[in-house]
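Subject: Structure handover

Hi,

Here is the structure I promised you. Please open it alongside this note. My findings come after it.

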Amino acid sequence: MNETALSLLSENLMYAGQDQVKMDRLSRLKGHRITSGKELPPVQFLFELFGKPCFPRGELVALTGKPKSGKTFVSSILMTLAYRRTLLSMKRLEEEPLRVLWYDTEQSDVSTQDILKNRIIPMIGEEAYDEDQFLVFNVRQEPWGERMSLLEAAIEEYAPDLVILDGIRDLVNDINDGSLAQEVLEQLMHLATEQNCCIVSILHQNKNAEDKNLRGWIGTELTHKAFEVYECRKDPDRVFTISQQLTRKHDIQDTLRYVVDEQGIPQLASGGVNLQDGDKPLAGDEAKSTRLNEKYLQGWDGKMPVLDYQLLFADALPDEGVMTPAKELQESIMELAHLTSTYLYNSLHRKALKAQVIAEGRNEFGHLCYYRPPRDKPQTQTVVPPPVSATVKQQLPEFDFSSIPPPREAPF
């Protein structure tokens, strides 16, 4: 075979190889195609909060907050719900108990065990607790580079329904490494999908008190990839709250408020109005026993509290004309007044709009916002001097025009 023929054969083989690679890619891509008629399983949710499904299988959920704001306690509530059907305002949707995998990267072995023995098991009940269904691993002593692979092995081996990853920050050595953050999130999404489990990832918010964004580049990636994002808070009265910040499906507007009793068991907070059976006011003494913020509480109209909504919205929007997103305004009002349901908030909001205490607008992104309109300023009046009266004219000295000499004639 001559040199020209060999060259042509080599070129044809090269193109043939490229065509095969392309065909393989197209074949793989077709498997990912979504059509309106493609049969897909419905989203399965593990829990329900205020009657709304939440924490789906096959997805990531983010749990965030400032340090010591109750993130680990909320994760304990979720793990307890794997055994108990209901707790506080949450409910497990599936009949059978769930298998839990708690993967702790932050605390010491002693702290993890203490939470298990003195918080979670008492909430579950010793007779119901099954150690084979409740898998706890503390990997703080492991190098950061090994923690992801160990988590992957644990999920594949034990096939949990619910994974608590406390915390995701310790799967990377640098929270601002964008490439590593993306790699970790892709691995977690793959695990959640392949194992059909819900992976709850715990991560702190930024240190600035006003900044609620999740910390670092990994926080940005988690926010983008998570199906839901929940925020934990603790107020000065040691009342803990959990509220949904972002979701792709069911919007949960109510905020869950709870306190921890002397035995370490969570109880619904009495520092607000907890409406769990729809938008209905509480009845009788039960309603009046709640502790709304006395700064705004003016009294009671039967079963309903009367709040100074003008002062309340002025405190929530201290600067006139500044656009505030609707969700942020609601959170601020409910926190200031110690509300735990949207029922009272919606009533106050309608009154504030009608009285023009607040006004509606849109920000540069087209999102619904509210602002406090500037107060009416007094109109500037043009001062017109009063006419000079005859009396004043008489007081003016008269000028003798006869004293003016005649003008000289111009010489020619």
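Strands count as paired if DSSP finds at least two bridges between them. Element names follow DSSP runs, numbered from the N terminus: helices are H or I with at least four residues, strands are E with at least two.

Two notes on the model. It is predicted, so local features need pLDDT of at least 70 and side-chain atom pairs count only at pLDDT 80 or more, while totals for chains, interfaces and linings use all residues. Residues are numbered from 1 along each chain as its sequence is written, and side-chain values use heavy atoms, with hydrogens and water left out.

The sheet

E3 and E10 belong to an open sheet of 9 strands with mixed pairing. The order is E7-E6-E8-E9-E3-E10-E11-E12-E13. Its edge strands are E7 (134-138) and E13 (266-268), and each pairs on one side only. Neighbouring strands are turned by 25 degrees against each other on average, direction ignored. Axes are lines fitted to C-alpha atoms, for helices over the stretch in contact, and angles run from 0 to 180 degrees between N-to-C directions.

Two helices lie across parts of this sheet. Helix H4 (residues 144-158) lies across E6, E7, E8 (162-166) and E9 (198-204). H4 runs at about 170 degrees to E6.

Backbone points to check

Asp166 and Gly167 are joined by a cis peptide bond, with omega about 5 degrees. Gly167 sits in the loop between E8 and helix H5 (178-195).

Which residues other than glycine have a positive phi? Leu88 is one of them, at about 55 degrees. Leu88 is in the loop between E4 (86-87) and E5 (90-92). Ala159 is another, with phi near 50 degrees. Ala159 falls in the loop between H4 and E8. Ala159 counts as partly exposed because its relative accessibility is 42%. The cut-offs are under 20% relative accessible area for buried, over 50% for exposed, and partly exposed in between (1.4 Å probe, protein chains only).

The second largest pocket

This pocket holds about 410 Å³ of space. A pocket is an open set of points on a 1 Å grid over the protein atoms alone, where a 1.4 Å probe fits, with protein on both sides within 12 Å along at least five of seven lines; lining residues have an atom within 4 Å of a point. Grid points are joined across faces, edges and corners, and the volume is the space filled by probe spheres set on them.

The lining has 16 residues, and the closest to the centre are Lys68, Gly70, Lys71, Thr72 and Gln107. By type they divide into 4 nonpolar, 5 polar and 7 charged. (Nonpolar is Ala, Val, Leu, Ile, Met, Phe, Trp, Tyr, Cys and Pro; charged is Asp, Glu, Lys and Arg; polar is the others, Gly among them.) H2 (71-81), H3 and E9 each supply at least two lining residues. The largest share, 3 residues, comes from H2.

Is H2 mostly covered or exposed? It is mostly covered: 11 of its 11 residues are buried. Among them are Lys71 and Thr72.

One last residue

Thr324 is in strand E16 (residues 324-325). Thr324 counts as buried because its relative accessibility is 12%. Beyond its neighbours within four places in sequence, Thr324 is in contact (heavy atoms within 4.5 Å) with Leu317, Leu329, Cys369 and Tyr370.

Best wishes
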